[in-house]
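Subject: A structure for you to look at

Hi there,

Here is the structure I promised to pass on. Have a look around it first, and then read on for what I found.

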Amino acid sequence: MEREEVFDEDYLYFDDRLIDDETSDAEAELVWELLGLTPGSEVLDLACGHGRIANRLASRGARVTGLDATPAFLELARADAAARGVEVEYVEGDMRELPWSERFDAVLSWFTSFGYFEDDESRRVLAEAYDSLRPGGELLIENNNVAALMRGFVPAHVNERDGNFMLDRFSIDLPRGTHPHDPDHRARRADAQLLLRRAALLAG
Ligand SMILES: C[S@@+](CC[C@H](N)C(=O)[O-])C[C@H]1O[C@@H](n2cnc3c(N)ncnc32)[C@H](O)[C@@H]1O
């Protein structure tokens with residue numbers, strides 16, 4: 001599936017329970033702790049989506065830049081920042097080609113936003129994040145735990161919200177430990193629940 005087909009209003013609608021305010025508050029707190037952020041820290045939220053983490057980090061006093069490839073999500077992010085009275089620099093762009101050099105104290109890739117590409121392009125994302133960091137800066141990636149994913153693996157799942165339904169189909173390329181290049185986008189969301197646990201474990 002193309003990115004435009006995956007990240008649209010359905011993503012926000014059906015994932016509401018995974019990215020609601022309570023969850024996002026807790027995740028922003030976790031990000032703050034894991035990265036050891038302090039007011040004034042310069043942070044890049046890579047693939048920031050609709051800004052739920054970026055805006056919360058800004059509310060705590062970080063200087064935040066958010067980059068995403070989906071203009072509609074960036075519009076929501078800007079509106080939410082305005083509503084919260086925080087300033088975040090939102091940039092439309094591709095995580096494989098970043099315009100910054102040695103600028104950020106921390107780069108964040110949250111909610112399984114890393115690993116959408118073939119390996120060479122994923123390495124490119126890492127290299128770009130590296131170049132964007134100041135020496136000594138840190139990159140935090142929340143990503144899949146394949147073993148945990150396999151323990152709860154089902155080939156399909158029906159997601160229902162308020163009488164609306166979405167069929168999730170899951171697949172995984174076990175030898176490579178990744179999803180196939182063209183994964184069913186709903187598989188990513190199952191990962192996200194597992195990843196949150198993994199991140200919490202790391203925090204503890
Ligand atoms: C699962 S969402 C996560 C959003 C956000 N990190 C969060 O925690 O809510 C993944 C995001 O990656 C963005 N994205 C996908 N491909 C991208 C690319 N090549 N460059 C930048 N962003 C991309 C999508 O637009 C989407 O907002």
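Two residues are in contact if their C-beta atoms, placed from the backbone, lie within 7 Å. Please keep in mind that this is a predicted model.

Leaving aside residues up to four places away in sequence, Leu-57 touches Ala-28, Val-31, Trp-32, Leu-37, Val-43, Ala-62 and Val-64. Leu-57 also belongs to the largest nonpolar core, a group of 37 residues in which Val-43, Leu-57 and Leu-108 touch the most other members. At least two residues of this core come from each of α3, β1 (42-46), α4, β2 (63-68), α5 (71-84), β3 (88-92), β4 and α6 (119-132). As background, nonpolar side chains tend to be buried together in soluble globular proteins.

Now for the overall picture. The protein contains eight helices and seven strands. Of its 204 residues, 35% count as buried. Among contacts with a separation of 6 or more, 67% are between residues 24 or more positions apart.

Helix α3 covers residues 21-35, which makes 15 residues, and the distance from its first C-alpha to its last is 21 Å, close to the 21 Å expected at 1.5 Å a residue. Which residues of α3 are buried? They are Glu-27, Ala-28, Val-31, Trp-32 and Leu-35. Looking down the axis of α3, you will find these buried residues within an arc of 140°, so they line one face of the helix. An α-helix has 3.6 residues a turn, so residues three or four places apart point the same way. The buried residues of α3 pack against α4 (52-59), β4 (104-109) and β5 (133-141). On the face turned away from the buried side, α3 carries the exposed residues Glu-22, Ala-26 and Glu-33. After α3 comes Gly-36, which has a positive phi near 60°.

Helix α6 can be read in a similar manner. Its 14 residues should span 20 Å at 1.5 Å a residue, and this agrees with its end C-alpha atoms, which are 20 Å apart. The buried residues here are Val-125, Ala-129 and Ser-132. Seen down the axis of α6, they fall within an arc of 65°, so they line one face of the helix. The cover over these buried residues includes β1, β4 and β5. On the other side of α6, the exposed residues are Asp-119, Asp-120, Arg-123, Ala-127 and Asp-131.

Then there is the ligand. Which residues come nearest to it? Of the 19 residues around the ligand, they are Ala-47, Gly-49, Ala-69, Thr-70 and Phe-111. By class, this shell has eleven nonpolar, four polar and four charged residues.

Ala-47 is found in the loop between β1 and α4. Although Ala-47 is not a glycine, its phi is positive, at about 60°. Is Ala-47 buried or exposed? Ala-47 is buried, because 23 other C-beta atoms lie within 10 Å and the cut-off for buried is 20 or more. Phe-111 lies in the loop between β4 and α6. Phe-111 is another residue other than glycine with a positive phi, near 65°. With 24 other C-beta atoms within 10 Å, Phe-111 is buried.

From Phe-111 you can move on to Asn-143. The two are 32 residues apart in sequence, and their C-alpha atoms are 7.1 Å apart in space. Asn-143 sits in the loop between β5 and α7 (146-151). Asn-143 counts as partly exposed, because it has 18 C-beta neighbours inside 10 Å.

Ser-41 has 19 C-beta neighbours inside 10 Å, so it counts as partly exposed. Ser-41 and Asp-105 are 64 residues apart along the chain, and their C-alpha atoms are separated by 6.3 Å. Not counting residues up to four places away in sequence, Ser-41 touches Ala-62, Arg-63, Asp-105 and Ala-106.

Happy exploring, and write back whenever you like.

Best wishes

Notes. Residues are numbered from 1 along each chain as its sequence is written. This is a predicted model: local features need pLDDT of at least 70, side-chain atom pairs count only at pLDDT 80 or more; totals for chains, interfaces and linings use all residues. A residue is near a molecule or strand if its C-beta atom, placed from the backbone, lies within 6 Å of it. Ala, Val, Leu, Ile, Met, Phe, Trp, Tyr, Cys and Pro count as nonpolar, Asp, Glu, Lys and Arg as charged, and the others, Gly among them, as polar. Helices (H or I, at least four residues) and strands (E, at least two) are DSSP runs, numbered from the N terminus. The expected span of a helix is 1.5 Å times one less than its number of residues. A residue is buried if 20 or more other C-beta atoms lie within 10 Å of its own, exposed if 12 or fewer, and partly exposed in between; C-beta atoms are placed from the backbone. The arc is that of the directions from the helix axis to the C-beta atoms. A nonpolar core is a set of buried Ala, Val, Leu, Ile, Met, Phe, Trp, Tyr and Cys residues joined through C-beta atoms within 7 Å.
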